[in-house]
Amino acid sequence: MSHDGRLSLPEAEMSWRFSRSSGPGGQHVNTTDSRVELIWSLADTTALSPAQKELAATRLAGRLVDGTITVVSSQYRSQHRNREAARVRLEELVGQAIVPEKARRTTKPSRRAKQRRLDTKKRRGAIKQGRSGTWE
């Protein structure tokens, strides 16, 4: 975890691919590879414990392709900012996936809640009871 509480993944485990971004930008867009694809392997990472890896694998199953996650960013005109955005998004994604599930504490309804439920049932029964009979 980094100093701001976010998970930080080692730079060495990330591989990058760059391509030209679509959308507006005039001549600039045709010359710069500002679109960033960040590829990170969940299977080969050393940043997570085996238990965290397993949890992340089940929670991110829809995003995993051969044990890797790909995050794409083409929101900025600068490759550097897109790299940063992709990295932040990956770290948040993995960070949320490894948060352990909170244990469920069993509770039981209060005496007042039970009484209210029974009163409502009785009232409903009385209404139905009143429907039978004649119309005279």
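Asn 82 is found in helix H3 of this predicted model. Its relative accessibility is 0%, so Asn 82 counts as buried. The side chain of Asn 82 makes a polar contact, at 3.1 Å, with the side chain of Ser 73. Setting aside residues up to four places away in sequence, Asn 82 touches Ser 34, Arg 35, Val 36, Ser 73, Ser 74, Gln 75 and Tyr 76. Two of these names return below: Ser 73 falls within strand S3, which covers 68-73, and Arg 35 within strand S2, which covers residues 35-41.

The strands belong to an open sheet of three, ordered S1-S2-S3 and paired in the antiparallel sense. Strand S1 (14-19) and strand S3 (68-73) form the edges, since each pairs on one side only. From one strand to the next, the twist averages 20 degrees. In general, strands of a sheet pair through backbone hydrogen bonds, in either a parallel or an antiparallel arrangement. Here S1 and S2 are joined in the antiparallel sense over six bridges. Within this pairing, Arg 17 has Glu 37 in S2 as its bridge partner.

Helix H3, which spans residues 79-97, lies across S1, S2 and S3. The helix runs at about 140 degrees to S3.

The charged side chains come next. A search of the whole structure finds two salt bridges. In one, Glu 37 is joined to Arg 35, and the closest N and O atoms are 3.1 Å apart. How accessible are the two partners, Glu 37 and Arg 35? Glu 37 has a relative accessible area of 14% and is therefore buried, because the limit for that class is under 20%. Arg 35, at 24% relative accessibility, counts as partly exposed.

Key: Residues are numbered from 1 along each chain as its sequence is written. This is a predicted model: local features need pLDDT of at least 70, side-chain atom pairs count only at pLDDT 80 or more; totals for chains, interfaces and linings use all residues. Side-chain values use heavy atoms; hydrogens and water are left out. A salt bridge is a side-chain nitrogen of Lys or Arg within 4 Å of a carboxyl oxygen of Asp or Glu. Buried means under 20% relative accessible area, exposed over 50%, partly exposed in between (1.4 Å probe, protein chains only). Helices (H or I, at least four residues) and strands (E, at least two) are DSSP runs, numbered from the N terminus. Two strands pair if DSSP finds at least two bridges between them. Axes are lines fitted to C-alpha atoms, for helices over the stretch in contact, and angles run from 0 to 180 degrees between N-to-C directions. Contact means heavy atoms within 4.5 Å. A polar contact is a pair of N or O atoms within 3.5 Å; within protein, one must be able to donate a hydrogen and the other to accept it, and residues adjacent in sequence count only if both atoms are side-chain atoms.
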